[in-house]
Protein chains: 2
Amino acid sequence: MPEENKAGIPLPTVRRLPLYASILFNARDNNQVTISSSYIAKELNLEPIQVRKDLAGIGITGQPRIGFPVVELIEAIEKFLGWDNTSDAFIVGAGNLGAALAGYPGFKKHGLNVVALFDCDYSKIGSKIHDKEVFDIERMGHLTERLGVLIGILAVPAEVAQATTNLMVDAGIKAIWNFTPTKLLVPNGIIVERVDLAASLAVLSSKLTAVIKGKKTN
Amino acid sequence: MPEENKAGIPLPTVRRLPLYASILFNARDNNQVTISSSYIAKELNLEPIQVRKDLAGIGITGQPRIGFPVVELIEAIEKFLGWDNTSDAFIVGAGNLGAALAGYPGFKKHGLNVVALFDCDYSKIGSKIHDKEVFDIERMGHLTERLGVLIGILAVPAEVAQATTNLMVDAGIKAIWNFTPTKLLVPNGIIVERVDLAASLAVLSSKLTAVIKGKKTN
DNA sequence: ATTATATCGATAAGTATATATCGATATTTT
DNA sequence: AAAATATCGATATATACTTATCGATATAAT
């Protein structure tokens, strides 16, 4: 079963879109009207042809010798990734990681608005972290429904990851951004995307070992 | 140029190894001596054949009708990923994220030992975060050399990511685990592995949009 | 006006990764 | 003892993703 997504666009392409966006924001700030695939590619160490294919994927065409229209591209990417209309999200788990995520300024630009945190620790409940209130996790169902929140950011200790997930699903959360190292079991229709630090570290380690042992890496 | 690594093992395989490890740890705790590819596959929503191929990649063979030797597999994965002999690492940036990472208990199991943090904020320098001292970033070169640290975990604000990277490279850091959204420019031979939250969020968003619009997802 | 150049899109080819098939083998069941 | 079953490895096929080729086109240079 091949992984699907919005419009049959390959996931590697989806993952590159935010990179393109950041180059494009710069270009726009510089009042550049058009931008070439080769320029974008150079900035990101990619091949121009890949950039062109990716951009074709989201439906924007360029002009020979001219390039792609910067503003149009930005709008298309923002629309594709849902950055145009912000989604509200809860952070579940108000520990170190939850707090760090609550204070991360980049989410807003990416269409994500953290409205509150949840925890089960009474010493945290009622306090504010980065101006966001920490609620009792018992109230998640109530608030999810009332605020129409679909996205939950899971930042609890691994031991309680699955149990917390169950609570989130019961509460009505539809998409879970999982920052724990746990492989979560969820009912059909619930989306889980994991930030897999262990995998990332594994790649770093294996590259480092390769270099130490004298092999090439890129 | 195809991305290389230690032994010509595909990167997707490397990324799956930590998942296999966690299943295997469970099996060992349960005194299981052998484990089948089909069991591992089921736990991780993979195909048995993929598990077998991956395991063949790190050089462990199984037995028909029996499966793979649990302990041997664990040792092979730990060795491949360098989890057997711990590497020291610095965290650069003692803000929210740096602090969260300093307190993350999982790194030790993955062969990573955070020995100290660095920052340029005098209100933080000299203090301790999760029992680890915060040093003036000026001293990074000195300490990197003295302690033989190769890995730096970059957790500074995006604006200073490149400048900080330059300092790290000058200090002698060989591998950078980049938690910022910045594409870093580094000299040849320096390894960078990025934890790309924007890409991960992009995948989540695009899947969510797909579901909302009524398409299937897995 | 003609030629050169940068760039595009469409199609084709290549590479990397995942999956399927199938004979072989160790255990369990009959 | 024979048959059934679960599993493996090797080889082959299929899918997904990336990169190359090339004719077309808009601008700039001669």
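Here is a short briefing, sorted by topic.

This is a predicted model, in which local features need pLDDT of at least 70, side-chain atom pairs count only at pLDDT 80 or more, and totals for chains, interfaces and linings use all residues. Residues are numbered from 1 along each chain as its sequence is written, while chains are lettered from A and ligands numbered from 1 in the order in which they are written. Helices (H or I, at least four residues) and strands (E, at least two) are DSSP runs, numbered from the N terminus.

**Helix α7 of chain A**

- Helix α7(A) spans residues 161–171, and its buried residues are A161(A), T164(A), T165(A), M168(A) and A171(A).
- These residues sit on the same side of α7(A), because they cover an arc of only 120° around the axis (the arc is that of the directions from the helix axis to the C-beta atoms).
- Turned away from that buried side is a face with the exposed residues A163(A) and D170(A).
- "Buried" needs 20 or more other C-beta atoms within 10 Å of a residue's own, "exposed" 12 or fewer, and "partly exposed" lies in between, with C-beta atoms placed from the backbone.
- The cover over the buried residues of α7(A) includes β3 (87–92), α6 (140–147), β7 (151–154) and β8 (175–178) of chain A.

**Strand β3 of chain B**

- Five of the six residues of β3(B) (residues 87–92) are buried, so the strand is largely enclosed by the rest of the structure.
- β3(B) pairs with β4(B) (residues 112–119) in the parallel sense over six bridges; pairing takes at least two bridges found by DSSP.
- Across that pairing, I91(B) stands opposite L117(B) of β4(B).
- On the other partner, β7(B) (residues 151–154), four bridges join the parallel strands, and V92(B) stands opposite L154(B).

**Where the chains meet**

- Chain A puts 53 residues into the contact and chain B puts in 52; two residues are in contact if their C-beta atoms, placed from the backbone, lie within 7 Å.
- On chain A's side, α1, α4 (70–81), α5 (96–102), β8, β9 (191–194) and α8 (197–212) each supply at least two residues.
- α8(A) gives the most to that side, with 15 residues.
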